[in-house]
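Trainee: I would like to learn how to read salt bridges in a model. Where do we start?

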Amino acid sequence: AVEWMQKAADEGDEDAEACAAEYRKLAEAVVKAKAGDAQAQADLAGGLMKLGGSLEQAGEGKDYEESVMWAEKAVEQGNPDGYWTLALAYHHGRGVDEDMDKAIDLYQKGADAGSPACQHNLGCEYMSGMNVRKDAHKAFELIKTAAEQGYGLAMRDLGRCYQFANGTPGNMKTAVEWYEKALEVIDDPELAQKTAMFKMMA
C-alpha cells in the first residue's frame with residue numbers, strides 16, 4: 001500500500017503523500033504490535049479507526065473490528081491511547097455495539113492512565129450532562145488537565161470555560177491566552193477570527 005501510494009504521490013496526487021506517510025507508520029506498527037508492543041498496538045488501533053472512516057472502499061467494518069481487537073490488546077497492558085480508541089469505538093458503535101456506559105468507563109480509565117484525549121472527552125461529558133450527571137467543576141478540572149498536556153481541543157475548550165465561566169470564574173484575558181495556545185496546534189479558522197476580535201476588544 002505504501003509503495004503504490006508513494007507512486008501516486010510521485011505522479012502529483014495531492015493527497016497521496018500524507019496517505020503514504022500514514023500507511024508507512026501503520027506498516028511499522030503492525031510488526032511491533034504483533035510482537036506485543038502496547039504502544040504499537042494502540043497506534044495500529046487508532047490508525048485503523050481513522051482509515052475505517054476515510055477509506056470505505058477498503059471495508060470499514062473490517063477496519064473497525066480489527067481496530068477494536070488491537071485496542072483491547074493495548075488496554076490489557078494499560079496503554080492510555082488504547083483506552084482512547086476503544087472508548088471511541090463504544091461511543092460511536094465502530095466495530096462494536098454502541099454502549100455509552102462502557103465508553104464513559106473507558107474514558108475514565110484512560111483519563112486515570114494519563115490520556116489527555118480521554119480527559120478531554122470525559123470533561124465534555126461532564127460539561128454537557130447528557131450521559132453522566134452534570135458537574136461543571138469536574139469538567140473544568142479534566143479539561144484543564146488535558147490542556148496543560150498540550151491537547152489542542154482541550155486548550156480550545158478551556159478557553160471557552162474561562163470565557164463563559166463554566167466551572168471556573170470568568171476571565172476573558174485567560175480565555176484568549178488559551179485560544180492562542182490552541183491555535184498553535186489545531187486548525188480552526190473560526191476560532192482564529194474570534195480570538196483576533198477578542199484581542200481587539202480587549
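**Reading the salt bridges**

Mentor: Start with spacing along a helix. Glu22 and Lys25 sit three residues apart in helix 2 (residues 16-34), so about one helical turn separates them. Keep in mind that this model is predicted.

Trainee: What do the side chains of Glu22 and Lys25 form?

Mentor: First the general idea. Side chains of opposite charge can pair when their charged atoms come close. Here, Glu22 and Lys25 meet in a salt bridge, at 4.0 Å from N to O.

Trainee: Is Glu22 buried or exposed?

Mentor: Glu22 has 18% relative accessibility, so this residue counts as buried. The cut-offs are under 20% for buried and over 50% for exposed.

Trainee: Which residues are linked with Glu22 in a network of salt bridges?

Mentor: Lys25 and Lys50. Together with Glu22 they are linked by salt bridges into a network.

Trainee: How many salt bridges does a search of the whole structure find?

Mentor: Eight. One of them joins Glu190 to Lys194, with the closest N and O atoms 3.2 Å apart. Both residues belong to helix 11 (residues 189-201). They are four residues apart, about one turn of the helix. Lys194 has 40% relative accessibility, so Lys194 counts as partly exposed.

Trainee: Which residue forms a salt bridge with Arg156?

Mentor: Asp157. The closest N and O atoms of Arg156 and Asp157 are 3.0 Å apart. Check burial here too: Arg156 and Asp157 are both buried.

Terms used. Residues are numbered from 1 along each chain as its sequence is written. This is a predicted model: local features need pLDDT of at least 70, side-chain atom pairs count only at pLDDT 80 or more; totals for chains, interfaces and linings use all residues. Side-chain values use heavy atoms; hydrogens and water are left out. Helices (H or I, at least four residues) and strands (E, at least two) are DSSP runs, numbered from the N terminus. Buried means under 20% relative accessible area, exposed over 50%, partly exposed in between (1.4 Å probe, protein chains only).
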